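The exercises below go from a single residue to the whole chain. Work through each task before reading its solution.

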Amino acid sequence: GSVAADTVVTLTNLNAKAMLPGPTVTILAGNSSASFTVTTMTTTANVSGAVKATIGTITKSVTLKVTP
């Protein structure tokens, strides 16, 4: 469901060779999601990485593939 108050989500990069997300994103009150930008790194081969989002004890992650 949606959050009652603005909620800061901590973003963690699980492979610095692939990408760099910002350190946090804020879900605004009344919403259930927020968008954020991920900067990809230059690579010479396919590289997988993941971004983990954490609010308190709740953690979700997504795997992304960076190609040359």
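**Exercise 1.** Decide whether T7 is buried or exposed in this predicted model.

Solution. Step one: take the relative accessible area of T7, which is 18%. Step two: compare this value with the cut-off, since buried means under 20% and exposed means over 50%. Step three: T7 therefore counts as buried.

**Exercise 2.** Place T7 in the secondary structure and list what surrounds T7.

Solution. Step one: find the element, which is strand β1, covering residues 7-13. Step two: leave aside the neighbours within four places in sequence; T7 is then in contact with V25, T26, I27 and I55. A polar atom of the T7 side chain lies 2.8 Å from the backbone oxygen of A5.

**Exercise 3.** State which elements make up the chain and in what order they run.

Solution. Step one: count the elements, which gives six strands and zero helices. Step two: read from the N terminus on, giving β-β-β-β-β-β.

**Exercise 4.** Describe the chain as a whole by its extent, burial, contacts and surface.

Solution. Step one: along its principal axes, the C-alpha trace spans about 45 × 20 × 15 Å. Step two: the chain has 68 residues, and 24% of them count as buried; T7 is one of the buried residues. Step three: among contacts with a separation of 6 or more, 41% come from residues 24 or more positions apart. Step four: the accessible surface is about 4,600 Å², and carbon and sulfur atoms hold 54% of that area.

Methods
Residues are numbered from 1 along each chain as its sequence is written. This is a predicted model: local features need pLDDT of at least 70, side-chain atom pairs count only at pLDDT 80 or more; totals for chains, interfaces and linings use all residues. Side-chain values use heavy atoms; hydrogens and water are left out. Helices (H or I, at least four residues) and strands (E, at least two) are DSSP runs, numbered from the N terminus. Buried means under 20% relative accessible area, exposed over 50%, partly exposed in between (1.4 Å probe, protein chains only). Contact means heavy atoms within 4.5 Å. Accessible areas come from the Shrake-Rupley method with a 1.4 Å probe; for residues, only the protein chains shown count as cover. A polar contact is a pair of N or O atoms within 3.5 Å; within protein, one must be able to donate a hydrogen and the other to accept it, and residues adjacent in sequence count only if both atoms are side-chain atoms.
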